[in-house]
Amino acid sequence: MGNRNTVTIKDIAHLTALSPATVHLVLAGKPGPKAETRERVLSLAKQMGYRCNAAASSLKRGITPRQFHKISSNLQK
């Protein structure tokens, strides 16, 4: 985490001794991880103030910054 204010999936993975992939599955609500793992990840994410980074998520899905801006502008109306 260091000096930045943003909590990442990697931060949560490090503190829970889980892989970033497992943490992602939990935070995305996908099947796979055990109930106790989900509870641990979600509890820590809430405690640390984790928020999904919409810009990063859109890039991962292949949405360009221009498309993202258009979508987010429409949501704010």
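Visitor: Among contacts with a separation of 6 or more in the protein chain, what share comes from residues 24 or more positions apart?

Guide: The share is 27%. Contact here means heavy atoms within 4.5 Å. This is a predicted model: local features need pLDDT of at least 70, side-chain atom pairs count only at pLDDT 80 or more, and totals for chains, interfaces and linings use all residues. Residues are numbered from 1 along each chain as its sequence is written, and side-chain values use heavy atoms, with hydrogens and water left out.

Visitor: What makes up the pattern of the protein chain?

Guide: The pattern reads α-α-α-α-α along the sequence. The chain has five helices and zero strands. Both kinds are DSSP runs, numbered from the N terminus: helices are H or I with at least four residues, strands are E with at least two.

Visitor: Why is α1 called roughly perpendicular to α2?

Guide: Helix α1 (residues 9-16) and helix α2 (residues 20-27) pack at an angle of about 110°, their axes 8 Å apart. That angle makes α1 roughly perpendicular to α2. The label covers 65 to 115 degrees; under 35 is roughly parallel, over 145 roughly antiparallel, and the rest oblique. Axes are lines fitted to C-alpha atoms, for helices over the stretch in contact, and angles run from 0 to 180 degrees between N-to-C directions.

Visitor: Which residues meet there?

Guide: From α1 come Ile9, Lys10, Ile12, Ala13 and Thr16; from α2 come Pro20, Val23, His24 and Leu27. By class, this contact of α1 with α2 has six nonpolar, two polar and one charged residues. Ala, Val, Leu, Ile, Met, Phe, Trp, Tyr, Cys and Pro count as nonpolar; Asp, Glu, Lys and Arg as charged; the others, Gly among them, as polar.

Visitor: How do you know how α2 and α3 are arranged?

Guide: Their angle is about 85°, with axes 9 Å apart. The two are therefore roughly perpendicular to each other. Thr22, Val23, Leu25, Val26 and Leu27 of α2 make the contact with Thr37, Arg38, Val41, Leu42 and Ala45 of α3. This contact has seven nonpolar, two polar and one charged residues.

Visitor: Why is threonine 16 called buried?

Guide: Its relative accessibility is 8%, so threonine 16 counts as buried. Buried means under 20% relative accessible area, exposed over 50%, and partly exposed in between (1.4 Å probe, protein chains only). Threonine 16 sits in helix α1. Beyond its neighbours within four places in sequence, threonine 16 touches Val23, Arg40 and Leu44. Asp11, Ile12 and Ala13 are among the other buried residues of α1. Their cover includes α2 and α3.

Visitor: Is alanine 17 buried or exposed, and why?

Guide: At 70% relative accessibility, alanine 17 counts as exposed. Alanine 17 lies in the loop between α1 and α2.

Visitor: What makes up the largest nonpolar core?

Guide: Nine residues: Val7, Ile12, Ala13, Val23, Val26, Val41, Leu44, Ala45 and Met48. A nonpolar core is a set of buried Ala, Val, Leu, Ile, Met, Phe, Trp, Tyr and Cys residues joined through side-chain atoms within 4.5 Å. α1, α2 and α3 (35-48) each supply at least two residues of this core. α3 gives the most, with four.
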